[in-house]
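Please find below my notes on this entry.

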Amino acid sequence: MYDGSYVRSAPSGSRGRGRGEWCTLECMDDLRIPAGPGCPHGLVVPAGELEERFSHASGPGGQGVNTADSRVQLSLDLGATSALNDRQRERALSVLGERLTGTVLTITAAETRSQRRNRAAARERLAHVLRAALTPPTPRRATKPTRASKLRRLADKKRRAEVKARRRRPDAE
C-alpha cells in the first residue's frame with residue numbers, strides 16, 4: 001500500500017548499481033469528492049488508503065510501448081476506508097456489489113500513453129463512481145390523474161365499446 005510519500009527509483013539502465021540519474025515519482029494527494037446528495041460535506045479519501053499499480057498498456061506507444069508502465073489500476077478498500085461513515089459504506093457496498101472484489105473497488109485507466117494522465121483519469125473516475133454510488137435514489141411520488149384525463153379515458157372507452165357493439169350480429173341483441 002502506498003503511504004503517500006515520495007518514492008525514488010533507479011532508471012531502467014542503471015540496474016540498481018547507483019549509476020545514472022534518479023527519478024522521483026509524484027506524491028499522490030488525497031482524493032477529494034465534492035459535496036452533494038448522499039454526502040453533504042463532501043469526502044476526502046486519504047492517499048494512504050488508495051493503492052496504485054502500474055503495468056504495460058496495450059495499444060500504440062511508439063518506442064516506449066514495451067518499457068513504459070502507463071496503465072494504472074487504482075484500488076480502494078470500501079470496507080476499511082476511513083472516508084466513509086457506516087451508512088455510506090453500507091450503501092456503497094450494496095450499490096457497487098457487482099464491481100467489487102471482496103470489498104475492494106478497482107478502477108483501470110489506460111486511455112493515454114502518459115502515466116500521469118492515466119493516473120488523473122483513474123482518480124477522476126473513482127471519484128465519479130463513489131459520488132454516483134452514494135447518491136440516494138430519488139423516491140417515486142405517487143401522482144393522481146387529472147379530471148380531464150379521466151374524462152378522456154372514459155370517452156375513449158365508450159367509443160371503443162360502440163365500435164365493438166356495431167360488429168355484433170343484429171339478432172344477437
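**Notes on charges and strands**

1. Glu-51 has a relative accessibility of 29%, so it counts as partly exposed. The coordinates come from a predicted model. Glu-51 makes a salt bridge with Arg-53, with 3.1 Å between the closest N and O atoms. Arg-53 is partly exposed too, its relative accessible area being 33%.

2. Arg-53 also has a place in the strand pairing, where it stands opposite Gln-73 of β6. Strands β5 (residues 50–55) and β6 (residues 71–77) pair antiparallel over six bridges. β6 also pairs antiparallel with strand β8 (residues 104–109), again over six bridges. In that pairing Leu-76 is opposite Leu-105 of β8.

3. Glu-52 forms a salt bridge with Arg-119, and the closest N and O atoms are 2.9 Å apart. Because Arg-119 belongs to helix α2 (residues 115–134) and Glu-52 to strand β5, the pair ties together parts 67 residues apart in sequence. Arg-119 and Glu-52 are both buried.

4. A further salt bridge joins Glu-111 and Arg-125, with the closest N and O atoms 3.0 Å apart. Glu-111 is in the loop between β8 and α2, and Arg-125 is in helix α2, 14 residues away. Glu-111 is exposed, at 53% relative accessible area, whereas Arg-125 is partly exposed at 29% relative accessibility. The whole structure holds four salt bridges.

5. Which residues gather in a patch of positive charge on the surface? They are Lys-144, Lys-150, Arg-153 and Lys-157. Lys-150 sits in helix α3 (residues 147–167) and, with 37% relative accessibility, counts as partly exposed.

Definitions and conventions
Residues numbered from 1 in each chain as written. Predicted model: local features only at pLDDT ≥ 70, side-chain atom pairs only at ≥ 80, totals over all residues. Heavy atoms only, no water. Patch = residues over 30% accessible without salt bridge, like charges linked within 9 Å, V, L, I, M, F, W, Y side chains within 5 Å. Areas by Shrake-Rupley, 256 points an atom, 1.4 Å probe, with all protein chains shown as cover. Salt bridge = Lys/Arg side-chain N within 4 Å of Asp/Glu carboxyl O. Lys, Arg positive; Asp, Glu negative; His and termini not counted. Charge placed at Lys NZ, Arg CZ, Asp CG, Glu CD. Helix = DSSP H or I, 4+ residues; strand = E, 2+ residues; numbered from the N terminus. Buried < 20%, exposed > 50% of the residue type's maximum accessible area, 1.4 Å probe, protein only. Pairing = 2+ DSSP bridges.
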